[in-house]
Each structure stands twice: as structure tokens, then as C-alpha cells.
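I opened this notebook page to record what I looked up about charged side-chain pairs. The sequence and structure are placed below for reference.

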Amino acid sequence: VTGSTSAVAGDPTATTVAGTGAAPAGVKPAVMFNEAAAGPVPSNQPFSISVQNPPADAAAYLLKVDDQPVGAPAAQLAPYTFTPGRHLLQIEISAPSGTIATDPVVVYALGETPGRTYRANLSSVSIDQTQSNGGWAEAVKQFDAFYAQGHTDVKLMPSDPYPSLKPGYWNIFVDGFADATAAEAYCTEHGLAVPGQCFPKLF
């Protein structure tokens, strides 16, 4: 099912994540997107997105990404390829009984692996959701909070595929710095203590 916190279309701090699995009878339709329910998705491949618990008389579906409609209403949603970054996804359902929309959910799409760069690491969230303040929903929540605080170039990436990073984390960071001094300066310019709240890291 969808995450425990509700999301509002256009709200940069929305943290609801995509649902998966069966829904109890009588609940509101929800986005069903298995790949995005537990982590980020690649940005270079199409994904099938559907509706969990649609109305019995549903006639057409319209996908909206970042409040913008994708194509025209259709009997079935076409596969969609995300651009890198954070997106707000919603589905409108047309039926003779009326039009209803799912709650919006957050989808994060990974971009290409960056080259050698220094980053200002803002947070590392354990991938293990059984840990305190761990799991994908927590990572998205923190990402949104940093963006809302003015870190408009913030990125999110798993650490496991990269030997220079400690495995088992979602890393939240700003990259593109030429050296550690520049990355550390970013931390201090944004009022973040080094190294407790922010620190430079070579990727």
C-alpha cells in the first residue's frame, strides 16, 4: 500500500511512495508501481504503471508527472520513461460515475553514474528499513527536506554499486566540486557543521 504520510500535488516535501500488492475492498484507487515502491528507478528504460483498486466502471486513465498530463486519457496506460531526478506521479481515472484521482506518489529516477567528483554529503540513510530512521521512505523524506531548505542540486543514490562508498546506504548529496575544499565550503555556506552534518567525499 502507499506510504504512511500523505502527499499533496506540487508539494516539495511530499513523501508518499508507490504502492504494491493487493488493497482492501472499498479503499481509494492508488498508484501501483512495484519498481518504485522500495527505491529509485533507472531513468533510461520504460516502466509499466497501473492502478490498484480502480473503480469497477473505469473507462480511461491519464498519467500526470509533476502535475503535467502525459498524452491523452486511454483505456490502458502506456509505458513511461522517467528523466533523472524526483518526480510526483498521479493517475486520473475517468468513469461514468465521475472522475477520481489517486493520491500523488514520489518517484526518484537515477541519472547516469557521475564521473570523478567531490561531493558534499548531506545524509546517509540505511537501506535497511528495520533500522531507526532507515528505509526508502525515510530517504525520500530527507531528500525532500534538503530540497525545501534550498539545496536545489541535491541528488540521491545507492552506495552499494560503488567501491568508494560504504555499502548499505542511500546517499543524499550535492556533487560537482573540483576538490574537498570547495565541497566543504558548500557545507559551511549552508550553515551545516563539518563533519557532523555535512562533509566532503571523493566519488
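With which side chain does glutamate 92 meet in a salt bridge? I found lysine 64, at 2.9 Å from N to O. I counted a salt bridge where a side-chain nitrogen of Lys or Arg lies within 4 Å of a carboxyl oxygen of Asp or Glu.

I noted that the model is predicted, that local features need pLDDT of at least 70 and side-chain atom pairs pLDDT 80 or more, while totals for chains, interfaces and linings use all residues. Residues are numbered from 1 along each chain as its sequence is written, and side-chain values use heavy atoms, without hydrogens and water.

I located glutamate 92 in strand E6 (residues 85-95) and lysine 64 in strand E4 (residues 60-65), 28 residues apart. Strands (E, at least two residues) and helices (H or I, at least four) are DSSP runs, numbered from the N terminus. Glutamate 92 is partly exposed at 23% relative accessible area; I took buried as under 20%, exposed as over 50% and partly exposed as in between, with a 1.4 Å probe and protein chains only.

I next looked up arginine 86, which forms a salt bridge with aspartate 144 at 2.7 Å between the closest N and O atoms. Arginine 86 lies in strand E6 and aspartate 144 in helix H1 (residues 136-148), so the pair ties together parts 58 residues apart in sequence. Aspartate 144 is buried, at 0%, whereas arginine 86 is partly exposed, at 22%.

I also recorded a salt bridge between aspartate 103 and lysine 28, at 3.1 Å. In total, the structure holds 4 salt bridges.
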